[in-house]
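Subject: Structure handover

Dear colleague,

I am passing on the structure we spoke about. Please look through the sequence and the coordinates before reading my notes.

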Amino acid sequence: MTPVEYLAAALVIGGVFFGFVATVGLLRLPDLYSRLHAASKSDTLGSVLAIAGTAAALGLTTESMKMLFLVLFLFLTSPTAAHAIARAGKEQEVDPVGEEAAWRDEDGGEAR
């Protein structure tokens, strides 16, 4: 194997690892906001690493440039979608789970 192939394999394995972490987070965490945190960060990183590994394996081609644009698209849209989902959850009054979890207003009291 060449060093580029080792790099591509390492990136894809890292992508699979973070995809697995996102899946475990979705299944194990208790509420919408925690699940959204796990899914948005880990899934984005996992996808980006897997795509970068595939692009590294392909070398400098038109397809790898398209994958670069796909990575850029993921970095722009995934956090935006996570923010929109969290905001929609708050507007629908979906409460976080936990003893200290409550929406607080500026004075420290509970707010809706």
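My notes on the fold, the helices, the core, the surface and a few local features follow.

Please keep in mind that this is a predicted model.

Overall fold

The protein chain has three helices and zero strands, and from the N terminus on its elements run α-α-α. Of its 112 residues, 24% count as buried. The chain exposes about 7900 Å², and carbon and sulfur atoms supply 66% of that area.

The helices

Helix 1 covers residues 3-28. The end C-alpha atoms of helix 1 are 37 Å apart, which agrees with the 38 Å that its 26 residues should span at 1.5 Å a residue. Its buried residues are Ala8, Gly14, Gly15, Ala22 and Gly25, and the buried residues of helix 1 pack against helix 2.

Helix 2 runs over residues 32-58. With 27 residues, helix 2 reaches 38 Å between its first and last C-alpha, close to the expected 39 Å. Just after helix 2, Gly59 has a positive phi of about 85 degrees.

Helix 3 takes in residues 62-91. Helix 3 has 30 residues and a first-to-last C-alpha distance of 43 Å, close to the 44 Å expected. The buried residues here are Ser64, Met67, Val71, Ser78, Ala82 and Gly89. Like those of helix 1, which pack against helix 2, the buried residues of helix 3 pack against helix 2.

Core and the contacts around it

Which residues make up the largest nonpolar core? There are five in all: Val48, Ile51, Ala55, Met67 and Val71. Helix 2 and helix 3 are the elements that give two or more residues to this core, and helix 2 gives the most, with three. As a general point, nonpolar side chains in soluble globular proteins tend to be buried together.

Leaving aside neighbours within four places in sequence, Val48 is in contact with Val71, Leu74 and Phe75. Thr44, also found in helix 2, touches Ala39, Leu74, Phe75 and Ser78 when residues up to four places away are not counted. Thr44 is classed as buried because its relative accessible area is 10%, below the 20% cut-off.

Surface

A nonpolar surface patch of about 680 Å² is made by Leu60, Met65, Leu68, Phe69, Leu72 and Leu76. Leu68, one of the patch residues, is found in helix 3. With a relative accessible area of 49%, Leu68 is partly exposed; the cut-off for exposed is over 50%.

How many salt bridges does a search of the whole structure find? The search finds one. Glu91 forms a salt bridge with Arg87, and the closest N and O atoms are 3.4 Å apart. Glu91 and Arg87 are four residues apart in helix 3, so about one helical turn separates them. Is Glu91 buried or exposed? Glu91 counts as exposed, at 56% relative accessibility, and Arg87 is exposed as well, at 51%. In general, side chains of opposite charge can pair when their charged atoms come close.

Pro30 is found in the loop between helix 1 and helix 2. Pro30 and Val97 are 67 residues apart in sequence, while their C-alpha atoms are 6.6 Å apart in space. Apart from residues up to four places away in sequence, Pro30 touches Arg35 and Val97.

Glu93 lies in the segment after helix 3. Its phi is near 60 degrees, a positive value in a residue other than glycine.

Those are my notes on this structure.

Best regards

How values were computed:
Residues numbered from 1 in each chain as written. Predicted model: local features only at pLDDT ≥ 70, side-chain atom pairs only at ≥ 80, totals over all residues. Heavy atoms only, no water. Buried < 20%, exposed > 50% of the residue type's maximum accessible area, 1.4 Å probe, protein only. Areas by Shrake-Rupley, 256 points an atom, 1.4 Å probe, with all protein chains shown as cover. Patch = residues over 30% accessible without salt bridge, like charges linked within 9 Å, V, L, I, M, F, W, Y side chains within 5 Å. Salt bridge = Lys/Arg side-chain N within 4 Å of Asp/Glu carboxyl O. Core = buried A, V, L, I, M, F, W, Y, C linked by side-chain atoms within 4.5 Å. Contact = heavy atoms within 4.5 Å. Expected span 1.5 Å × (residues − 1).
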